[in-house]
2 protein chains.
Amino acid sequence: MARSTRGTDGERIEHLAEDAELALLLEVSGTPKPGNVDRERDYPDLRFEHFVAGAVRARPGLAALAVGGPLGEGFETAVAGMSRQSGGNTQFGALLALAPLVSAAAGDRLDPEGVRSVVAETTVDDAVAFYRAFDHVAVSVGEPPADVDAPDVRLGADAEPRLRERGLTLADVMAESAPVDGVAAEWAEGFPRTFAAAGSILEGSGPVADRAAAVYLDLLADRVDTFVASQHGPETARSVRDRAAAARDGEVDPTALAEEFVERGINPGTTADLTAAALFVALRRGLEV
Amino acid sequence: MARSTRGTDGERIEHLAEDAELALLLEVSGTPKPGNVDRERDYPDLRFEHFVAGAVRARPGLAALAVGGPLGEGFETAVAGMSRQSGGNTQFGALLALAPLVSAAAGDRLDPEGVRSVVAETTVDDAVAFYRAFDHVAVSVGEPPADVDAPDVRLGADAEPRLRERGLTLADVMAESAPVDGVAAEWAEGFPRTFAAAGSILEGSGPVADRAAAVYLDLLADRVDTFVASQHGPETARSVRDRAAAARDGEVDPTALAEEFVERGINPGTTADLTAAALFVALRRGLEV
């Protein structure tokens, strides 16, 4: 590498975008991850290869964040790239979790305090770009709560006038979603679950993909998955959490649980998103593949 | 994508590097690929995740080729990046097969004639960079034939004086290896097997990873794998070819063959390299994931 003509800054930035993409790929490589596509489990129309293409094509947006570009715009570019595959939405939530982490890393402040600052610094423009991102791909979302200021995300780019009128930043939008969305909750709280999970990955041993699967199960056992809750209701979400705890504790075979969740149409997508985010933090903190 | 601030050229270049990386990832995602790591088969110290990291980290070198940079330097940069994972050599041969194809695509001439031109235009500097690439990672190579001009690749950067003294271009070096190396043979002949395999992939249907596995088996059944020949001798290589033909023709279960090859230590790496190259050509010709 001594012969590289790239400066240290160039290499650092390149490695940042690489690590973000690699986190997405390692997440989907971990198996079994009950309820999600992984390297041994495809759905008929949503396959491992769609996640691979989504990660590869999200990279320009991740690179825009790695050079310190505006968060909302970088996120939107990443989503637009991710969408260039035929499986539909693969990593919208994971990119939303990664975006402030990559921005924080770009500013050499990848810790809870630093990410809190990145979130606090988001603007109305970031919120507008976030809404635009919904125009690139069909994202499954629940009905919005009645008592919030933020426009329905399904408006996409058309939400811009309302966002500007109300002066809503992306941090404001996320704070409103925090009670019903596990990724938004991380935004609002400084990514506590993400940083804790990154620590577990770093303390683990063995293949990284196996550690990713283990931390996914830990996260799923620890708290209800908000995506499952929005799709199937709180009772199902709690039962999924409890089944995951049983698998984590060795009372249920995780592979059998994976088959069970697929049959029941249970997809704990938010937990997979946080797993990707945790892998990114772990990679930045020295995790070796 | 209409909102992108990138020009058409920038996007085209980005998509080129993306497709090259994606080809590497789709190759290793195809299963079963008897004798090679795939998404369902790890070796103890060489795992799926090493190939994933190798592909992600090769991208800066692939991007250098995509902007029309010197072939040897782009290849060396890709190999240096690929080597930043703990599994050792994952994709040296695949990158060597991809390099002239990416360069040809950068010049809008990704066809046999165009690749022949790219090869013919290689310089002594390209050869020097190619030798330097061997310093980044331990590549398993056979003993060099006695009657060749090209220095032993194991010299790495130290080969430079001899290359310059003899005025050997990278095309010269590859031509000398063509009889014993399937990737070098493609270089020498305008990539006939690669383009034919790309056609098969495009004509196929169903998941891309399955098509990659099918074309791998076709290639392996069609001609002896030179990496197997260099490691185990020509007789074993012929028997591997014949076993692959039996699997292709439905007489042997490919998954059972995969187990058999792993047990026998048979690793048809060159055939996997050409599969990655064929995937790249297919992606450039409209293959959708």
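**Reading a predicted two-chain model**

Guide: In this predicted model, A:F75, A:F92, A:F130, A:Y131 and A:F134 are joined into a cluster by ring pairs.

Visitor: How many aromatic pairs does the structure hold over all chains?

Guide: The count over all chains is 13. One of them is formed by B:F92 and B:F134.

Visitor: Why is the pair of B:F92 and B:F134 called tilted?

Guide: The ring centres of B:F92 and B:F134 lie 4.7 Å apart, and a pair needs centres within 6.5 Å. The planes make an angle of 50°. Stacked requires under 30 degrees and edge-to-face over 60, so the remaining word, tilted, applies.

Visitor: What does the pair of B:F92 and B:F134 tie together?

Guide: B:F92 belongs to helix α4 of chain B, while B:F134 is in the loop between α6 and α7, so the pair ties together parts that are 42 residues apart in sequence. Are these two residues buried or exposed? Both B:F92 and B:F134 are buried.

Visitor: What makes A:K33 count as sitting over the ring of A:Y216?

Guide: The charged end of A:K33 is 5.9 Å from the centre of that ring. The limit is within 6 Å, together with a position within 35 degrees of the ring normal. In chain B, B:K33 lies over the face of B:Y216, 6.0 Å from the ring centre.

Visitor: How do you know that chains A and B have the relation of a two-fold axis?

Guide: Chain A is superposed on chain B by a rotation of 180° with 0.0 Å of shift along the axis, and the RMSD is 0.0 Å. That is what a two-fold axis relates. In chain A, A:R39 has the C-alpha nearest the axis, at 2.9 Å. The same surface serves both copies, as 100% of the contact residues of chain A recur in chain B.

Visitor: Why is A:E49 called buried?

Guide: Buried means under 20% relative accessible area, and A:E49 has 3%, so it counts as buried. A:E49 is part of helix α2 of chain A. Its contacts include B:L26, B:P207 and B:V289.

Visitor: Why is A:R109 called partly exposed?

Guide: Its relative accessible area is 27%. Buried is under 20% and exposed is over 50%, so a value in between is partly exposed. A:R109 is in the loop between α4 and α5 of chain A.

Visitor: How do you know that α15 of chain B is largely enclosed?

Guide: Of its 16 residues, 15 are buried, so α15(B) is largely enclosed by the rest of the structure. The helix reaches 23 Å from its first C-alpha to its last, close to the expected 22 Å.

Visitor: What makes the phi of A:F191 worth a remark?

Guide: Most residues other than glycine have a negative phi. A:F191 is not a glycine, yet its phi is positive, about 60°. A:F191 is in the loop between α9 and α10 of chain A, and at 0% relative accessibility it counts as buried.

Visitor: Which bond joins A:T31 and A:P32?

Guide: A cis peptide bond, with omega about -5°. Most peptide bonds are trans. In chain B, B:T31 and B:P32 are also joined by a cis peptide bond, with omega about -5°.

Notes. Residues are numbered from 1 along each chain as its sequence is written. Chains are lettered from A and ligands numbered from 1 in the order in which they are written. This is a predicted model: local features need pLDDT of at least 70, side-chain atom pairs count only at pLDDT 80 or more; totals for chains, interfaces and linings use all residues. Side-chain values use heavy atoms; hydrogens and water are left out. Rings of Phe, Tyr and Trp (its six-membered ring) pair if their centres lie within 6.5 Å; planes under 30 degrees apart count as stacked, over 60 as edge-to-face and the rest as tilted. Helices (H or I, at least four residues) and strands (E, at least two) are DSSP runs, numbered from the N terminus. Buried means under 20% relative accessible area, exposed over 50%, partly exposed in between (1.4 Å probe, protein chains only). Copies are superposed by least squares on the C-alpha atoms of residues with pLDDT of at least 70 in both. Contact means heavy atoms within 4.5 Å. The expected span of a helix is 1.5 Å times one less than its number of residues. Lists of a residue's contacts leave out its neighbours within four places in sequence.
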